[in-house]
Amino acid sequence: MTTTVTVGLGSCGIAAGANKTYDKIKALKESENLDFSLKKTSCIGMCYREPLVEIVDDTGTYIYGDVDAERAIEVIEKHVNQQDPVRDYIVYTDLFDAPENGFMNSQVKIVLRNCGYMDPESIDEYEAREGYQAMKRIAEEKIGADQVIETILKSGLRGRGGGGFPTGLKWKFARANQSDEKYVICNADEGDPGAFMDRSILEGDPHSVVEGMIIAAYAIGATGGVIYCRAEYPLAIKRLNIALGQARQRGYLGNDILGVNDFNFDIYIKEGAGAFVCGEETALIASVEGERGMPRKRPPFPAESGLWRKPTNINNVETFNNIPWIILNGAEAFASWGTEKSKGTKVFALAGKIRNSGLVEVPMGITIHDVIMKLGGGIKEGKKFKAVQLGGPSGGCIPQYLSETIVDYDSVNATGAIMGSGGMVVMDESTCMVDVAKFFLDFTCKESCGKCTFCRVGTVRMLEILERITNREGREGDIEKLEELAYEIKDNSLCGLGQTAPNPVLTTIKYFRDEYEAHIIHKKCPAKVCRPLLTYTVDQEQCTGCMVCLKNCPANAITGERKQPHLVNQELCTQCGVCYSKCKFDSIILT
Amino acid sequence: MSDQYLNIILDGKIVKGNPGETILQLATRNGIEIPTLCNDERLEPYSSCFVCVVEVEGMRGHQPSCSTRLTEGMKISTYNESIRKSRKMALELMLSNHYADCLGPCTQTCPAGVDVQGYISLIEKGNYSDAIALIKETNPLPAICGRVCVRPCETECRRNLLDEGAPVGIDYLKRFAADWDLASKDKFVPDIQPSTGKKVAVIGAGPGGLSVGYFMQVQGHQVDIFEAATQPGGWLRYGIPEYRLPNDILDQEVKNITDLGVQIFYNKKLGQNLSYKEITGKYDATILTIGSQIGTGVGCEGDDAGNVYSGIDFLKNMEMTGQRYDFSGKTIAVVGGGNTAMDCCRTSIRCHADKVYVIYRRTEKEMPANPIEIHESKLEGVEYMFLTLPKRVNKNAKGEVETVTCIRMELGEPDASGRRRPVPVEGSEFDIRVDYILAAIGQKTDVNFIDDINTNTSAGELKINKWGDIDADRHTLQTGIPSVFAAGDGVTGPATIIEAIAQARIASHSAHQCLMGEEITPAGKPFTSKRENFKKQVKEDYAGTFVNQLREEMPVLEADQRMNFDEVELGYAGEEVALHETQRCLECGCNAFFDCDLQQYSTDYNADQKGYAGAYKEYQVDFRHPYIEIDNNKCILCSRCVRICREVVGANALGLVNRGFETFVAPSMGEALQDSDCESCGMCISTCPTGAISENMLFKPGPVRTTQAETICNYCSIGCSLSLNHLNGFVMNVSGTPGQVNEDGNICRFSRFGYAYLNDRSRITSPMKRINGTFEKITFEQAFQIIHEKIMAVDPDENAFFAGARLTNEEMYLIQKLARAGAKTGNIGSFHYLNRGDGYRMDESLNASFGEIGQASRIYLVGSEINMDNAVAGFMVSNARTKGNVPVVLVTTKEESAMAHKVDQIIQVKSYYYFIKAVNHYLLANKLENALFLRDRVDGLSEYRDQMSTEDFAAQLDKAGVTEEVVKAFAEQYNNELNGIILFSEKEVSGNGSIALMNLAMISGKLGKSANGLIVLKEKNNAQGLFDMGISRNYGVGGRSLTDQAYMKCLMEAWKVNTIPGPVGECLKVNLSQGKVRNIFIFGEDPVGCEITGSYRKLIEQIPFKVVQDYFMTDTALAADLVLPASFPAEIGGTFSNTQKVILEFDQVLPSRPEMDSIHQLINILKSFGLNGLAGREDVFSEIIRLLPQTDEDAPAEKLALIYTHDDNSNRSFNYGCDYIVKRFEEDFEERMQE
C-alpha cells in the first residue's frame, strides 16, 4: 500500500501554519521524488495540536501534532523515507499509547464522521465514504417522504442549533403546509463567541450538509434551498460552492433528482453580514429576503410562513449532518446513543481555560466533567476548574459543583444554562464571574438588532450596572435591579436573543452571588480580574528597589529609594495596574 | 373548531374572535383598551415597543398583543400586576433614552403652569384674545401678572443661554396680549358651566381670592367674596404702588371677574364683623384666601421709635387714605432687599425724599428683588448700603428715630437657602442720620378669626401650623374642616402673586370636588419628559441651531419724568414689536404634546424618566426637508414611519441605521429626505406616536389645543376626508380622517401641507370695482346691481360664464342657473376643460372603484404620476403591490418618471393615445377582442373596426414610439389578465386618449366587471361636478342633453321660466377669440395666472366687462372690472362629486371671511333676475336632486359605444387645473424644495 500523507487544512490548521507545512511536504515530495500520496483534509478536532499531519502506511495510522515546516521535513524524512515514526511528535496512533489517544478514542463520530478523514473538495472521496448513499437509497427504494420523516422522528434527533426542537416534527409541520413553493434553509450563521463546530463541518464535510438538505427537501417537498452562511467563513463558503457545483454535476441537485419525478431542488448560498441576531430564524429569513435582519413574532412559524411567506424548514448545519447517517444506519442505531430524551451525539467546541481546546463529538449523556477532564485534558496550568459556560451568550454558567450534570437538553436546561449550539467555555479560578457576565452581555448588547425596547435598552442598562460593579461603583440593590431587568427582558422580547441575553447574568448571580456581593459590598474582586477593585501593594521581601514601578506610576502613588523596597500610597493609587505589569520581579501583590 | 369564529376567554369572559384577528384587535372590539406605541392598523403587526403585552395561558413570558393572533380556546389576561410592571418598565426604558422636552422650561417652572409657549404662538398669529383665553385657563389675572409677576419663567428661559443673555419677554408679551384684550370690543369671556346651585364663600379679594372666584364661577358655582377692605385687590392694591400696577388695570381685571357673576362684599372681616356661623349656613364651601397681612419690624433695639414703620403698612396706609406722604427734605432708610423694599424706596423717591437708602445685609447679588426693579430704583436715585445691618435705632427727645447704628457685614458659609450667610464685622459700627425707617423684612399671617371658625363648626378643626400659617393639606389645600380650603400667602407665608394664583387653582379644584360630592384628589400631573433629566443645558446645545436676536426692551418713562405715580413701564409700542419678540421663543416644548401617545401612557402608568437612567443618545434634529423634520431624540424606534413609507407609500425613503442601542431612523442612504425617494406625503408624520417626525411649520405651532373641523380635500379628485385643526379659524395643521374614500384616513402632501392659504390674511372680503385703474370697495348690493345692469345691457349670448373645477356642486349649479335662467345664455363652461374635447365626459361610466384596487391581479398606470398627483390612490396601488404582491405596470412618456422605483415594469411611449390605439388595433386585427361582451353590451364595433382597418398600424407604432412586440406583449397581457385595472390621469392623457382607453376596456371586455376596467383620475376635486352640474354649453344638470325636450320642460318648471337656451354650437374659446363676448363672469378660476399658452390674458382683457370671484387677488382678478370675494368650501359647506361620481358632503366648519358667502351672493344675483325661492345651500341641493335623472335599477343597462377618433387632441391650456390654490401650493412647494 502507498503511504498517504494528509495535512489538515481547516481554518484552525491554516491559522497554525498548515499551508506552509503542506507546501514544504509537497516541495519535498517533488524535489526528492518521494513515493507517497499527499492529501488535504480538514479539521479533525484537535485544534490545539495544529498543524496536524496524518500518515497512514502499512503499519497503521499516525497523527503528528504541531508539525511546522521544519518538523515536517524531519517527519517525512524519518517516517516516510526511513519507516521510522518519530514517536515524540505523534499525538495519536492506533498502535501505541500516544498523548491524544484518549481525546480521540473517547469520541463517537457521527456528525464529524468525515471531518479530517477526507478531502472536503472531492465529491469522489465523499462518495467513497458512503456519500449520497442515503439519498440514493431513498430514491432507489422509493422510500416515501412520510417514511423519511418517520425515521427522523424515531431517531429522536433534536435541533442542534440550540433550540432542541424535534427535527422530525419540524419537518412534519413543513410538509403539512400546502404551497406551490417551499424552502429548506441551512442555518450556518454560527455566531456564539467560542463556537466553531459549524464552520469546521462546512469546511471539512460540506457534502453531508448538502445531502442532509436534499433529504429534507425531499421530505417536506421543498423547491428551493438556501445556506445562510456568515461571510466571515470564506473557506466554508468556498468549499460549499465547490460541493454544490459537484452535486449539480452529478445530478444530486437539479430537476428530477436521482430519477425521482418532479423532485426539483437546488441550493444557493446567502452570505450573511455576521449579525448574531440573524441566527434567529425569522431574522435570518428577513436577511435572506434582503431586509434588515430583524426578527418578527412567531407564530406564524416558518413552517407555515417563512421565506417569501412560503412554508420553510430551517435546520442548523450539525442537524443536517446527522441526517444521511440516520437514513443509512437507521433510527435505532442513532437512538442507541444518548439519553431518554436526547439522542445521538453532540459536538462541542471546547474553549477557554482548557488544555485541549478543539472540537469533540460525544454521546449525549456523558457528564460535563468527563468532557472537560477526559476529552479536554483538564484545566490549563493545573488551575482549579471553576465553571463552564454552555450555550454562549444565550446560555449560562454551570459551576464546578454541578459538573456531574449530563449532556442532555433537559438536564442542562435545569441548571439555567442551555445546550445551545455547543460552545463550551471553561473557566478556572482566575476567572471573575461578574466579568464573564459582563463579557457576554456586552456581546448581546452590541448584537441586539434594536427592535424590542427591552433588549435594545434593557440590556444596556444591565451592562451599565455590571460595568459599575466591576468599576468599584457597585451599589446595594444592584443585584436585585439586575434580576428585575433580566426577568423583564426575558419575558418581553420577540426573539431568542433578547429572551436569553440575561441568562449569563442570571446564572452567575445564581451560582456566584457571593462574588457579586464581594464586588459590591466589600469592593473586592476575588478572582483579581477587575482592576479597580484590587489593592496593589509591594512585597517588601521581593522588591529589589529597581524603581521601574515608581517611574511608571501615572499617579505618582509609589514612593521609595533605589535598592530599597517601595511603597504604594493607597490614597493616590488609581488601580491602573501599570506597576503590576511593569514589575519584573513579581513584587506587586494584588489583593 | 368553527370556521366562523374562535372561542376565546378574554379577561375571564367568553368572547368570539375572528380567525386571523390579533389579541389587540379583539380587545379593542370588546372595549378593552390596551396601550400600544408601535401598532398602526394600516400596517402589518410589528411588535417592538412591548407596551401592549398581555398574558396568554400556556405561553412563556408576555405576548405582544398587536402581533399575537388568536387561536381556538386562547385564555388571555389583558391586565394584572405583572403586565402593568412590564408596561411601565417598557415606558421607562424608552424614556431613559428620550432626550427631549414635553414642555418648555417656562411652563415647567411657572407655579401656575401657564402654557407660555402656547400663548406666544397665539400672539405671533395676532390672536390676542385666544392667547388670553389660554392664559386664563390657569391665570385669571394676565394684565396684572404681565406687570408685576416675578417671572420665574424668564429665569429658566433657554433664550438666556444664547449670546444676548436675555430671556424671551414672556411677561411683557402677556401684558401686551392682556392690554389688547382689555381694550378690545369683544374681549375674551370664558364659557361658564351650567349652574350647579352650589355656593362658595371666599375670604379675601386678593389675587388668590379673585382667582378662586374666577375658577369656581366658571365651573358653575356661585362665588361670593368677603373682603375686609373697601376695595378689591389685597396687596395688589395696597402693597404694589401704582407706578407699577395702576389701579385702573386692577379694576378692569377685577371687573372681568365680577362680570362673570362673582360678588364681592366689602368691609367684611372674618372674625370681626363676619362670623363663620353666617357663612356655614349659606355656603357649601369656604375658601380662605386671607393673605399675609402683618408687617415685621426692624427687629433691633429701639425699633419702637417713632417714624419707624413696616414697609407694607407704609404703602397700605397711603393707598387707604389716598394721601401721598411728603418726604421733602427727609432721609429714608428702607431695610430689606425684596420687592417690598423696592416698592418702599421707589415710593419714597416719589414722595420727594431727599435721600433714600436701602440697607441690606447681603450684596446686590443675593437680593431677592427683581433685577429690573433694582436697576430702575438706581436710575431714580436710590442709594444702596450693602453688607449692612441696623443694630440699634437711636431716638431723639420726642422718641422719634434720629440715627440708626449699623454694622458692616461680610459673607460667610452658605446657609440652608444656599445664599452665603452674612456675618457681622466686629467693631465696624457706624451711625447714619435718618428721619424715617421703613422695614421691608417680612410679613406674617393674621389668623385671629380662627376661634370664630372653630367655635362655629363641629365638622373638624382649623389648625395653625408651626410657622403661624393656616394648616392645609399640601396637595389638596383642604383644611381640618372638610368644606374649608385655604390658598395663597395665608397658607404658604408671604410668597408671590403667581404662587397665590397657582394655589387658588388647586383649592378650586378640591373645592369643586367637594361640592360635587367627589373624592378630593389632587389633579393628576401629566408626565413630562425633560432634557434636564439628562444634563444641564448649556449654550452649546442651542447656539448652532438658533440665531441671536436682541430682546425687545420695555419702553419706560424717562427717569426725570417719574416724580409721580404714573406707570413706569409703557408697554410694547405695537404689534410688530410683540411679533418680533415672539420670534425669540426657541419652542423648547414638543409639538406633539397634545397627541403624544408616549406622554399619555407615561402619565397613565406613572412612569419615571429617571427610573432606568443611563447612557442616552443625543441627535441633531434633521430640518433639511422643508416640510418634515426628524428628531431622533424623541424616537422610540417603533419604525412606524419606516414601515408606512414602505408598506403603504411604497417610497422606502426611510430606514433604520445601526444596531441595538445605536439604532436611529434616517432617510435611506443617509441623504437628506428630499434627495431620497421621499414623496413629501407626510404619512410618516401621520403615524409617529411621539413627536419624532413632525411637520416643519413656518409659524410657531404652540402647540395649542385645536378644534377639529372635518371636511373634504379640495385639491385632487379622490375626495379624501381630512380635519382642519384650527383655533378660531387659524389652521394649525391638517390631519387625515377616515372617510368614505380614504378609509384609512390617509392624505397626501396637498392636504397635509397645502393649508397656508387658509390662514392668509390677504383675502378678498368685499366686492371691489376697478375705478381708474385701482380697486375700490363697493357694497354687495352695488355689485349685484352692476352685474344685473351689465347683463341686461347686452344680447344674452354676449355673456359668458365660467365655473372652476374646485367649486362646490351648489355653486356650480347656481352659476349655470344664473346663465341659463338669468342671462338666458348657454355660454357656460370651465376653463379647466376648455378646448379639450368631449373625451373626459365619457370616461366616467362603469369604472372600477378605488376599493377594487386591492383585488387587482395586475395594475396599469397610464400616464399617471400617481404618487405625486393623486397620492392617496397611489397608496392603494402601493399597498396592493407591497402587501398583496400585485405587479404594477407603468406606461409613461416621461424619461424619468417619479414612479419608476414603485413599479415592476415600465413601458416608455411617445404618445398614450397612439399607444393605446395601436393596442386596440392589434387586438382587433388579431381577433383577440372579447366578442361576447362587444356583442351584448357595445354598439359601433363594425364602424370602429372599419375605420381602424384604414389606419396604418406601422404609422401608429411610430407615433406611439414603440415596437410591435411592446404593443403585442401589452395587449395580450392586459387582455388575458384576470383582474386588470388601468388607472390613468386626465392631467397627462388627452380626451381622445381617454376615449381610446375606454375602447380598450370594451374590446377586452373588462369594463364594468368587478376589479377590472378603468379608474380615471381627474385633476380637480370637483371636475366631475362640472359634468354633473351642467357647466357645459350642451349638457344640463345630471349630464342631460339640452336637446332632450322633456328635460328642458322639466328645467323650465323647476326654475319657473318660459325659455331656456338650447345647446350652443360654437366652442366657447371660439366665441372668446372672435370677440363675441362682452361680459365674462369667472368663478373660482385663474386662467390668466395658470395659462400655458399665453393667449388667454389677451382674450380676457379685450372683453369689455369682466367679473371675477375668487379668494385672493389672482392674476385674473387683477384683470377684472369687478371682483367678488369667494368663500372657501369649508366656509360654506356643500358637496363635491369625486372622480368616481361619489357625492361627498361636508359641513361649514370655518366662519366665512367675506361678509356675504359665495352661495348667498349667487342667490342674491339670481334674485335680481326675479329667480327666487332659494334660501341657502340646502335648498340648492334639493333643487339639484330634483333635476338629476332618477336611476332605475331594473332598467336594462344602457349600451356602450366604441368611438373612433382620428387623431390626438392634447390641447391642455392651463396648468394647476386652472386653480390659483393649486398653483400657489405647487409653486410654494417647488420653491421650498429647491431651497
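1. The crossing of α18(A) and α19(A) is left-handed, a label used when the near helix is turned anticlockwise from the far one by less than a right angle. This is a predicted model, where local features need pLDDT of at least 70 and side-chain atom pairs count only at pLDDT 80 or more. Residues are numbered from 1 along each chain, chains are lettered from A, and side-chain values use heavy atoms, without hydrogens or water.

2. Helix α18 (residues 453-470) and helix α19 (residues 478-491) of chain A pack at about 160°, with axes 10 Å apart; axes are lines fitted to C-alpha atoms over the stretch in contact, and angles run from 0 to 180 degrees between N-to-C directions. The two helices, α18(A) and α19(A), are therefore roughly antiparallel (over 145 degrees). Helices here are DSSP runs of H or I with at least four residues.

3. Now for a helix tucked inside. Eight of the eight residues of α12 (residues 281-288) of chain A are buried, so the rest of the structure largely encloses this helix; buried means under 20% relative accessible area with a 1.4 Å probe, protein chains only. Among them are Leu284(A), Ile285(A) and Val288(A). After α12(A) comes Gly290(A), with a positive phi near 90°.

4. Over in chain B, an open sheet of three strands runs in the order β26-β27-β28, with antiparallel pairing. Strands are E runs of at least two residues, and two of them pair if DSSP finds at least two bridges. β27 (residues 721-727) and β28(B) share six bridges, and Leu722(B) has Gly736(B) as its bridge partner.

Conventions:
Buried means under 20% relative accessible area, exposed over 50%, partly exposed in between (1.4 Å probe, protein chains only). Angles under 35 degrees count as roughly parallel, over 145 as roughly antiparallel, 65 to 115 as roughly perpendicular and the rest as oblique.
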